[in-house]
Amino acid sequence: MAAATQILTGIGAVLYKNSGSYGTPTWGAQNIIRSVSPSFPWDFADAPSRATPIKIYGKVAVDLAIQVMMRADPADANYAAWVDAHWSRTAVLDLLILNAKLATEGARGLRGEFLISLSGEPQEIEGTIFSTFDIKPTITTNGLPKSAVMGASSTPTFTDITV
């Protein structure tokens, strides 16, 4: 059965952190997140030839640039995990970033293990403190990040990102 037509909204998108093993994940929604801003631009190599006056290109590398803004909450164990990962040179978080909930057939996103960098935490007197994390993919024994599509019965399909 095909997924039902619907409108996706930002509030319905979810970032999940795995608290289980990579092979048998236990996905927990990161509920104190304000925003996730994924940007997946490709780098292109030009490949001109005398066969055509048209400039042609090939995709060579994709930047999985993701920024996460999370409310600073010292009582939240998930927030603590993000900050702890920031202070470690080697710690990674296994994350699933989707444009809808896990149970939404057709939801799309990315799953991978990411290095975490706390890149900003404005502390204005009149504002609430939000931490901004830049996350970057890394290679681990589990491999590289994969694109994700949620299927029927909340079953994900993970696909290698290839050129």
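This is a predicted model: local features need pLDDT of at least 70, side-chain atom pairs count only at pLDDT 80 or more; totals for chains, interfaces and linings use all residues.
**Stop 1: the largest pocket**

Rolling a probe the size of a water molecule over the atoms shows where empty space is left. On a 1 Å grid over the protein atoms alone, a pocket is an open set of points with protein on both sides within 12 Å along at least five of seven lines, while a cavity is a set where a 1.4 Å probe fits but cannot get out; lining residues have an atom within 4 Å of a point. A volume is the space filled by probe spheres set on the points, which are joined across faces, edges and corners.

The largest pocket holds about 390 Å³ of space. Select Gly10, Ala13, Val14, Leu15 and Val36, the closest to its centre of the 20 lining residues. Strands (E, at least two residues) are DSSP runs numbered from the N terminus. Now colour β1, β3 (33-39), β7 (93-98) and β8 (108-120), the elements that each give two or more residues to this lining. Which element gives the most? β3 does, with 5 residues.

**Stop 2: the second largest pocket**

Next, select Val62, Leu64, Pro137, Thr138, Ile139, Leu144, Pro145, Lys146, Asp160 and Ile161, which line the second largest pocket. Its volume is about 150 Å³.

**Stop 3: the cavity**

The structure holds 1 cavity of 30 Å³ or more. To find the cavity, select Tyr22, Gly112, Glu113, Thr138, Thr140, Asn142, Gly143, Leu144 and Pro145.

**Stop 4: two serines in a loop**

Move to the loop between β10 (146-150) and β11 (156-160), and pick serine 153. Its phi is positive, about 60°, although serine 153 is not a glycine. Serine 154 sits in the loop between β10 and β11 too, and its phi, near 55°, is also positive. Is each one buried (under 20% relative accessible area), partly exposed, or exposed (over 50%), using a 1.4 Å probe and protein chains only? Serine 153 is exposed at 72%, whereas serine 154 is partly exposed at 35%.

**Stop 5: isoleucine 11**

Finish in the segment before β1 (14-18), at isoleucine 11. This residue is exposed, with a relative accessible area of 79%.

Note on methods: Residues are numbered from 1 along each chain as its sequence is written. Side-chain values use heavy atoms; hydrogens and water are left out. Helices (H or I, at least four residues) and strands (E, at least two) are DSSP runs, numbered from the N terminus.
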